[in-house]
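Here's a quick briefing to keep beside the viewer. Load up the model and follow along.

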Amino acid sequence: MPSLRPVAPGFVPPLDDADARLPDTPPKRELRERLAALGDELDELQAKLFASARRGLIVVLQARDAGGKDGVVRHVFGLFNPQGLAIRSFGVPTPVELSHDYLWRVHSAVGARGMITVFNRSHYEDVLVVRVHGLVPEAAWRARYDQINCFEAMLAANGYAIVKFFLHVSRAEQRERLEARLDDPAKNWKFRAGDLEERAKWDDYTKAYQDMLSRCSTEAAPWFVVPADSKPMRDLLIAETIRDTLDGMQLEYPPADPAVLQWKGKVT
Ligand code: AMP
Ligand code: MG
């Protein structure tokens, strides 16, 4: 099965509807089993990250409405030890947040080294919804791509690995999921009328996503486009990419202090 490849810097992903699904998607049961089978490996990698506390991992999730961010938090991050997770969701900025620069709330939400921080939406909203709705002048949002690259490079230089996932759903899949939010009483609470206004701006968002992906996929903080029409495929691809990222960090448990080891065999 193919693994996710980072977006090459400068490359503009087409984001066609057809790209939202891989040609051969194995049955759901098989994909869920393969996801569960990653659990032990992820658990051990996370334990080393937490114990050594020298590096941190930041995972950014962006998607259109009903794109599956909450599902990824549940199915992928449900495999990790909650003690080492910081899950942060970013909604419409509060007055206090708006009175600061746009990165302030994001920087202060980054977990300590040793933690896995998951951003459910992120500073990228400031070049997405903010751009599409013209919430700041064009010159202001245009300047942000470079600012974001500098911010992420600073985090990377200070011990953080960063991976960013754009969950790519097709128009038809989003329609089905939004309809399900209206049909299913258990999902009604997730529906906002605003979701339809955003859907109507599909092409404007596509352009904004394309700029975000091509301008802000860097070696230190790559973007991955996840074919996300299939939920179990989406989850497996993301979990595998996170496994590979943690693996590449060459994490080890911290060496024991000899002063501690002298107590070996002397615990009464
Ligand atoms: P949800 O993720 O469904 O809880 O919705 C959060 C909402 O907050 C979405 O409509 C986002 O577009 C919006 N949002 C997040 N960040 C910003 C931002 N920086 N400026 C304006 N709206 C934002
Ligand atoms: Mg929503």
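Are Tyr124 and Trp223 buried or exposed? Tyr124 is buried, and Trp223 is too; buried here means under 20% relative accessible area, exposed over 50% and partly exposed in between, with a 1.4 Å probe and protein chains only. Bear in mind that this is a predicted model, where local features need pLDDT of at least 70, side-chain atom pairs count only at pLDDT 80 or more, and totals for chains, interfaces and linings use all residues. Residues are numbered from 1 along each chain as its sequence is written, chains are lettered from A and ligands numbered from 1 in the order in which they are written, and side-chain values use heavy atoms, leaving out hydrogens and water.

**Aromatic pairs**
- The count is 6 aromatic pairs, taking rings of Phe, Tyr and Trp (its six-membered ring) with centres within 6.5 Å; planes under 30 degrees apart are stacked, over 60 edge-to-face and the rest tilted.
- Phe77 and Phe80 are a stacked pair because their ring centres are 5.6 Å apart and their planes at 25 degrees.
- Phe77 counts as buried at 3% relative accessibility, and Phe80 is buried at 5%.
- Tyr124 and Trp223 pair edge-to-face, at 4.9 Å centre to centre with 70 degrees between the planes.
- That pair links distant parts of the chain, 99 residues apart: Tyr124 is in the loop between β3 (116–120) and α6 (129–132), and Trp223 is in strand β5 (residues 223–227). Helices (H or I, at least four residues) and strands (E, at least two) are DSSP runs, numbered from the N terminus.
- Phe166, Tyr205 and Tyr209 are joined into a cluster by ring pairs.

**Charges over rings**
- Arg64 lies over the face of Trp202, 3.6 Å from the ring centre; the rule asks for NZ of Lys or CZ of Arg within 6 Å of the ring centre and within 35 degrees of the ring normal.
- Over the ring of Tyr102 you'll find the charged end of Arg144, 4.1 Å from its centre.

- Asp235 lies in helix α12 (residues 231–248) and counts as buried, at 0% relative accessibility.
- The side chains of Asp235 and Arg32 are joined by a polar contact of 2.8 Å. A polar contact is a pair of N or O atoms within 3.5 Å; within protein, one must be able to donate a hydrogen and the other to accept it, and residues adjacent in sequence count only if both atoms are side-chain atoms.
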